[in-house]
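Reader: I'd like to zoom in on one part of this protein and see what packs around it. Could you walk me through it?

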Amino acid sequence: MAAAAADAAATAAPPVNLRLGDLVWGKLGRYPPWPGKIVNPPKDLKKPRGKKCFFVKFFGTEDHAWIKVEQLKPYHAHKEEMIKINKGKRFQQAVDAVEEFLKKGKGKDQPVKDGDPHFHHFLLSQTEKPTVCYQAITKKLKVCEEETGSTSIQAADSTAINGSITPTDKKIGFLGLGLMGSGIVSNLIKMGHTVTVWNRTAEKCDLFIQEGARLGRTPAEVVSTCDITFACVSDPKAAKDLVLGPSGVLQGIRPGKCYVDMSTVDADTVTELAQVIVSRGGRFLEAPVSGNQQLSNDGMLVILAAGDRGLYEDCSSCFQAMGKTSFFLGEVGNAAKMMLIVNMVQGSFMATIAEGLTLAQVTGQSQQTLLDILNQGQLASIFLDQKCQNILQGNFKPDFYLKYIQKDLRLAIALGDSVNHPTPMAAAANEVYKRAKALDQSDNDMSAVYRAYIH
């Protein structure tokens, strides 16, 4: 009823004259009318052909879109009406952001100069990562075939090409709301997908229920009521238990049901799961993700997929919502192998960073100066800077659990053993992480491997 009323409210009255700088209510896809401001688009973003539209930056989010004029209404004239219709927490936060902007004296419905610096600064202040707002909009949709036969799909920004991601009409299930799963689900909901969630600890579902998700009582129930079910759990044992255990995924599989495992596991595990899913008439895709909690929250993960190519295509809008790039790597097992290799490199690099910082300390060199030097050289990266800052500040709040990177190193070493390929660097790093685990660092960020060197 509320959604229908919102649609009616957004389209009932004839359009009015709007101009650059106006505060408006904009209707985008399945979302309710949302407060925003008409601004100039980035120079490289062309205006869509067809009906007249304005470029709108929405409050309380990082979203921006070309909105058709008939989907826009003046903010002040319809504020009371919209507040009565919409009661969600995010909506209220967005309205609060508008009011804060108005209090600063720049939010009156009047035209502003191109590139209003105050408004741009205000928008940046609403996000944890200021660079995201206008960087994200420059992303383009790109599909390229590599010589290996793999396909890379770089997801479009939710608004940069056609106004928004068009969410699939398939019902989506999601199992596992950990550091990665929580951000993924949030973005699926935000982009208009119909999502049913389940988590072993049921309390973690509450926030997503408030955001519009449905609650599944068991993995089997989620799979049986959804078209495509994603899962993201901690390790091979958890992945197997989720599928094969009591009231597990397998009990909900019937012909046509789709299962996408996003866990980082070994190729043998994912192959076994694929076989049992397919044996029941289901469709299977592995899709582990490269990233961390922050990238998951920002919808900027890298997705490595393998298995059912048709299912990969069916997941397109979901992958666009949760990630910046996805790769299709062929047959089941390939994504698991590639993911372990990626994390092997990352884990080994992290151990080397920690080793360098401690060596600097014991030889009387400034750790901060070492970081400054590294940040000016070829190794400069967001990862390097963030992890070094964690160490220098003694802040090891998990962005990627240490216990999971050690698990991935262990599995990567086993992968090397299976083909008689030496992995001495990974083996050495693995021993340092095991030492850190013995020092009770398992549930800290991977950068806490530093503590293995100072104890």
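Reader: Leaving aside its neighbours within four places in sequence, which residues is Phe-230 in contact with?

Author: Happy to, with the reminder that this is a predicted model. Setting aside neighbours within four places in sequence, Phe-230 is in contact with Ile-172, Gly-173, Phe-174 and Leu-175, with Val-260 and Met-262, and with Cys-315, Cys-318, Phe-319 and Met-322.

Some of those names come up again in the largest nonpolar core, which has 35 residues: Phe-174, Phe-230, Met-262 and Phe-319 are the ones with the most contacts inside it. As background, nonpolar side chains in soluble globular proteins tend to be buried together.

H6 gives the largest share, 5 residues.

There's also a second, separate core of 30 residues, with Leu-384, Ile-413, Ala-429 and Ala-452 among its members.

One helix pair to look at as well: the axes of H15 (residues 334–362) and H18 (residues 402–418) come within 8 Å and cross at roughly 120 degrees, so the two helices are oblique to each other. Their crossing is left-handed. On the H15 side the contact includes Leu-340, Ile-341 and Met-344, and on the H18 side Ile-405, Leu-409 and Leu-415 are among the residues involved. Sorted by type, the residues of this H15–H18 contact are 8 nonpolar, 4 polar and 2 charged.

Note on methods. Residues numbered from 1 in each chain as written. Predicted model: local features only at pLDDT ≥ 70, side-chain atom pairs only at ≥ 80, totals over all residues. Heavy atoms only, no water. Axes fitted to C-alpha atoms, helices over the stretch in contact; angles between N-to-C directions. Helix = DSSP H or I, 4+ residues; strand = E, 2+ residues; numbered from the N terminus. Parallel < 35°, antiparallel > 145°, perpendicular 65-115°, else oblique. Left-handed = near helix turned anticlockwise from the far one by under 90°. Contact = heavy atoms within 4.5 Å. Nonpolar A, V, L, I, M, F, W, Y, C, P; charged D, E, K, R; others polar. Core = buried A, V, L, I, M, F, W, Y, C linked by side-chain atoms within 4.5 Å. Buried < 20%, exposed > 50% of the residue type's maximum accessible area, 1.4 Å probe, protein only.
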